[in-house]
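Please keep the sequence and the structure in view while reading.

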Amino acid sequence: MPTNETTTASELAALAPQLRAALTRARYDADTLLAALGDDAHAALGRSEPVPVRRAVRDAGELGTLVRLLLLGDALPEREVAAALAPLDLDRAVAAGLLDRDGDRVRAALDLRPLDLGAGTRWALSDLDDSMTRRSLTTEHVLGVGHASLSLLRATPTRPVGSVLDLGTGCGIQAVHAAAYANTVTGTDVNRRALWLAEATAALNGLDLELLAGSWFEPVAGRRFDQVVANPPFVVGPARVEHTYRDSGLALDGASELVISQAPQVLAPGGTAAMLASWVHVAGQDWRARVSDWLPDHGVDAWIVQRDIADPGLYVGTWLRDAGLDPRDPQAQREAERWLAAFEAADVEGVGFGFVYLRATDDPTELLAEDLTHGFDDPLGAEATAYFERSAWLRAVAADDDLAWSARFTVDPATALERVYLPGAQGWEQRVARLHRGDGPRWQHEIDDDIAALLAGMRAEGLPLEELVELLAIGRTGTSATAEFRAAALDIVTGLVGHGLVHPVPAA
């Protein structure tokens, strides 16, 4: 098992060449699997309904065997499994922990599924969950690629970087994803079973990852990385560890606080972090103020996006089901009572969840925390990169607003102007004018007719902002722009730049 010391590969990792050959030969890849299942059965797989999937692959040969074995958890005849997994030796696979014998049949001991992470098929090994067969999860259970993992994968910037730290690597899927855009990837985890599976996942995909055992940032103390990704055990609740993939042992949102507050210390200059996190909504306290207190006073540009808010009852029920518990069972009800009592004692009214993006700077810390609870376009990772570029320009403008006044601007092609009219005494009356960004986060800004006219005059080869504002003022009032008018126009334009609806034209 990987540690800070040099070790030999595990028996499971050593199976990788033969296992990869079998999966490749049977075309157990993301595209072929989708084609074999069809949209309906593929959706049934996502809903944990095995029968439609089993029926869809009954004539799919060796691919069908692997789907039933590895995705549905079926116990199959040994001869059939041996043919599908050739040249892998079944005795060796059982000894390594990949398969189990069930009488004269064989079943999977681990979950193994193909994914397309944007660089072709990758395979992920993890513990079996209760998606197809009811089972209780152990404390050291290693989660597969669930909704949270997929959310982070889509939300992570993928511009090329030198080094990446995957904090709390789990089965290793974020690290595997990072290998496509980073020169070196380091994964850490306190759960040694997770590192065992991450090592095997890396080997199966032909990747060389550095995997270190230890708690939080301890294994990489004193090191710096160009990017940090983290899907930590951010579940909010009492200070306990029932499942290491979700529980940190820290009370309430202590895990998110720890990761957000310490991540800047391992970022190289200009380095970024993309993380999932949760925070409590406490009676009488703005969640933005709570999260901002977790950041240092200097050296960080932070963009925190709240994606969802759950009431305490819904939150607890969701995570009980995630651990394989039925909220109707007495054991689950006792756990729910303890959980909700802890929330009540801390005046928790809700739990927020979202993405945290950090960038190391040489400036005083700046934080933009906002809600993104409306629909938006995935992936969000590219938007984070663009946000930090816009934020850097806005910081420069804050120091010298002449940069904005002398700049030319263009309206993003995805920006639309909406005018809402309602019946009035004189017929249709305009009640609101609103700008919509038609891609990415799909931000909206209400504006007035003056700003609409200002934006209509923006051209890459046109007039700078100062002249546009002056012409607009003269056209509206017959006099030069007042200080108040200028300040209001600059404030609105910079706000639109911040959300990517308007762009400054780069200096020639």
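Is aspartate 371 buried, partly exposed or exposed? With a relative accessible area of 28%, aspartate 371 is partly exposed, where buried means under 20% relative accessible area, exposed over 50%, and partly exposed in between (1.4 Å probe, protein chains only). The model is a predicted one, in which local features need pLDDT of at least 70 and side-chain atom pairs count only at pLDDT 80 or more, while totals for chains, interfaces and linings use all residues. Residues are numbered from 1 along each chain as its sequence is written, and side-chain values use heavy atoms, with hydrogens and water left out.

The domain assignment of the chain gives domain 1 (1-110) and domain 2 (400-504); such bounds come from an automatic or database domain assignment. Between the C-alpha centres of domain 1 and domain 2 the distance is 57 Å. An unreviewed UniProt entry lists residues 386-504 as "domain: DUF7782"; UniProt positions follow the numbering used here, feature names are shortened, and annotations may be inferred rather than shown by experiment. The span 386-504 is 46% helix and 26% strand, and its end C-alpha atoms lie 13 Å apart. Helices (H or I, at least four residues) and strands (E, at least two) are DSSP runs, numbered from the N terminus.

Side chains of opposite charge can pair when their charged atoms come close. The structure holds 27 salt bridges, each a side-chain nitrogen of Lys or Arg within 4 Å of a carboxyl oxygen of Asp or Glu. One of them joins glutamate 62 to arginine 25, with the closest N and O atoms 2.9 Å apart. Because glutamate 62 belongs to helix α5 (residues 61-71) and arginine 25 to helix α2 (residues 16-25), this pair ties together parts that are 37 residues apart in sequence. Glutamate 62 counts as partly exposed at 32% relative accessibility, as does arginine 25 at 39%.

Aspartate 371 also has a partner: it forms a salt bridge with arginine 288, the closest N and O atoms being 3.0 Å apart. Aspartate 371 lies in strand β13 (residues 366-371) and arginine 288 in helix α12 (residues 287-292), so the bridge ties together parts 83 residues apart in sequence. Arginine 288 is partly exposed, at 30% relative accessible area.

A further salt bridge pairs aspartate 449 with arginine 419, at 2.7 Å between the closest N and O atoms. This pair links distant parts of the chain, helix α17 (residues 449-456) and strand β15 (residues 415-424), 30 residues apart. Finally, Arg54, Arg68, Asp74 and Glu80 are linked in a network of salt bridges.
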